[in-house]
Amino acid sequence: MISYRNPDALFSGGGISFLTGSHTTKFSYGYSSFKGKRASMEDFYETRISEVDGQMVAFFGVFDGHGGSRTAEYLKNNLFKNLINHPNFITNTKAAIDEVFRQTDADYLNFENGQQRNAGSTASTALLVGDRLLVANVGDSRVVACRAGSAVPLSIDHKPDRLDERQRIEEAGGFVIWAGTWRVGGVLAVSRAFGDKLLKPYVVAEPEIQEADIGDVDFIIIASDGLWNVLSNEDAVAAVQDMRDAEAASRTLVREAFTRGSSDNITCIVVRFENS
């Protein structure tokens, strides 16, 4: 059982907002983050709502750091800001996302110049732009949607043993070997990430982007692998599909992951849609 009197215990919050496109979308969101059994907290998250060129935009992101927390913290502070400042963010959102993810990675590596220790982070993000839901993912945090009670993955984990990822790494001159799990260069258990300067150009921050219509999505779950290592997509959706309170749903998922033995930091965002 999680002790909430512990200063390192679960942090949570949430809100309710509206986006106006061809129809008005009301949505609520909740987030929870828990250090768990790890000695330090390397997960960060961000929930932001802003106006861009007269269009309301919502951003949700989970960033799971490795080798320390500084890459994940940098993404929390800079990724959404960089996205909404891109001149083509509204008119060509997918291209803007791709450019911004790559440029933010380059900016971070420049910012880190002089640091001896290798560090990196995943980034699983969901953007609401009018009626559009765009999911951009780097690494093995994950976004899963519930449609009519069914779990639908909106991102695919970037793991070194994924055939297309292994081929990409090897074509770039890198290698993947088994070292307790499949690892890039025998070091890193994800094949895409921000940072990790010593593993460039094999580990990249090029996002995979999926787009969905908000109208047929009941809710989405964005979470670090501290949750997905112990809960299947289907288990996670089933655990909270009847919960109307998004913050309570996020807390339930974090508690369930901890109860099932997750040994990692656990961070989760739930966004529930009420379309009209």
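Me: What is the angle of the kink in H1, and on which residue is it centred?

Reply: In this predicted model, the kink in H1 is about 35° and is centred on Asn78. The bend at a residue is the angle between axes fitted to the seven residues ending there and the seven starting there. Local features need pLDDT of at least 70 and side-chain atom pairs 80 or more, while totals for chains, interfaces and linings use all residues. Residues are numbered from 1 along each chain as its sequence is written, and side-chain values use heavy atoms, without hydrogens and water.

Me: Why is H1 called a helix, and what is its span?

Reply: A helix is a DSSP run (H or I) of at least four residues; H1, residues 70-84, has 15 and therefore qualifies. From first to last C-alpha H1 reaches 22 Å, close to the 21 Å expected at 1.5 Å a residue, where the expected span is 1.5 Å times one less than the number of residues.

Me: Which residues of H1 are called buried, and what covers them?

Reply: Buried means under 20% relative accessible area (1.4 Å probe, protein chains only). Thr71, Ala72, Tyr74, Leu75, Asn78, Leu79, Phe80, Leu83 and Ile84 are the buried residues of H1.

Me: What does S4 give to the lining of the largest pocket?

Reply: Strand S4 (residues 55-66) gives the most, with three residues. The lining divides into six nonpolar, six polar and nine charged residues.

Notes
Helices (H or I, at least four residues) and strands (E, at least two) are DSSP runs, numbered from the N terminus. Ala, Val, Leu, Ile, Met, Phe, Trp, Tyr, Cys and Pro count as nonpolar, Asp, Glu, Lys and Arg as charged, and the others, Gly among them, as polar. Buried means under 20% relative accessible area, exposed over 50%, partly exposed in between (1.4 Å probe, protein chains only).
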